[in-house]
Amino acid sequence: MTYPIRPVDEAEWPAFAEVLSEGFGWTPHPQQSARYKAQTEFDRTLAAFDGEVIAGVTAVFSLTMTVPGGQIPVGGVTGVSVLPSHRRRGVLSALMRRQLNDIRERGEAVAALYASEAAIYGRFGYGRAAGELSFRIHTHGSAFVRNAPVDPSLRIRVARPAEARGDFERLFASIVPRRPGRYLRKEEFWTGQLADEEIDQRGDGILRSVIAEDDGGLRGYALFRIKASWDSNGVPNGELKLYELEASDPAAYALLWRSVLDRDLVSRVEVGGRPVDDPIVALLADPRQLRASWSDELWVRLVEVDRALTARSYSAAVDVVIEVEDDVCPWNARRWRLSADPTGAECKPVEVEPDVTLPVASLGSAYLGDGLLTTQLDAGLLREHSPGAVRALATAMSWSPKPWAGLTF
């Protein structure tokens, strides 16, 4: 069967949201649903119809995302869901293919998403492009190394998050260009991040913030909740859940972490997601106190290979012919010569023998600088025709710091 696909309008929001609820097993509070609706760009939604029934949905956020060396427009894919009654009928494939065509027509050479199921999106050319750490630190073992940065001009101030929002937004915008994967937050995203109704607290306490500042103004902030508790002997056993910690410089970063780790009546700090190269790993005198687990974060898809590869910077010189395999976006499926160095890049179609043959998802996995190409070569997932070509390409595409978006979209 074929299912007509088109964007929905605001009047169809309840039916659109119902598919999300069924697909994700999510029963949102009306306030949460209203926030998500406020974030939705209705002209960038898609719904597949079975008669009058919406069988599947997806949407895109128009993002400005940092890539190695700069910022570009990126299609932030979200809300991908199909009714349980319509699984395995081609609904998802039709939506994803239509969406990639729409993203291309918008002029965006790159798409990115968070995967609810990691096994799905490789089929559509997305590659795992960033990871994240979630961890727990017991405060009794959280001492820093002796040479941790200190700035006597800095001070900590307690602030109400809603009242400090403007300062948070300005600092955050200044930090976004530093790390691939980070993106500028729209007003509606900030509203969701700072929301503090009972449905947001979930028994973990109100949203709190501390600010690191000097006489010149804000240099960093942390957002968190504290779940107070005591054990059977009356010993404080509180849990601090850290949602966000941003700083403009190492001294402000260290001071904010100390403020979090030294909080009275707190025995442990839980962090849901941080970059894999978070500086806290280096600051802890005993790094084993970082009880960490790893997970994938952003997935990236090159919608137009040549434009995407020339939109980013490179860490080293490379001159390589890449044969791209792409059965979803056929305009990419050809041989491209990438000539790049730290001053610029050129990517043009050629008709010569390739140095490397790889699926477009492999380029997506390397695009933000995480450097997975040699791993994929060792796993037999791509083919090297010229010895050393994959290592040269991986080295050129690598980047520091490691990519990380930081806020699920």
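Colleague: How many bridges join strand S15 to strand S16?

Modeller: Strands are DSSP runs of E, at least two residues long, and helices are runs of H or I, at least four, numbered from the N terminus. Two strands pair if DSSP finds at least two bridges between them. Here six bridges join S15 (residues 318–325) to S16 (residues 335–341), and the two run antiparallel. Val 320 stands opposite Leu 338 in S16. This is a predicted model, where local features need pLDDT of at least 70, side-chain atom pairs count only at pLDDT 80 or more, and totals for chains, interfaces and linings use all residues. Residues are numbered from 1 along each chain as its sequence is written, and side-chain values use heavy atoms, leaving out hydrogens and water.

Colleague: Which strands stand at the edges of the sheet?

Modeller: The open sheet has five strands in the order S17-S16-S15-S18-S19, with mixed pairing. S17 (344–349) and S19 (383–384) are at the edges; each has a single partner strand, so one side of each lacks a neighbour in the sheet.

Colleague: Which residues have the most contacts inside the largest nonpolar core?

Modeller: A nonpolar core is a set of buried Ala, Val, Leu, Ile, Met, Phe, Trp, Tyr and Cys residues joined through side-chain atoms within 4.5 Å. Buried means under 20% relative accessible area, with a 1.4 Å probe and protein chains only. The largest core has 61 residues, and Leu 302, Leu 338, Tyr 367 and Phe 409 have the most contacts inside it. Strand S3 (residues 53–67) gives the largest share, seven residues.

Key
Buried means under 20% relative accessible area, exposed over 50%, partly exposed in between (1.4 Å probe, protein chains only).
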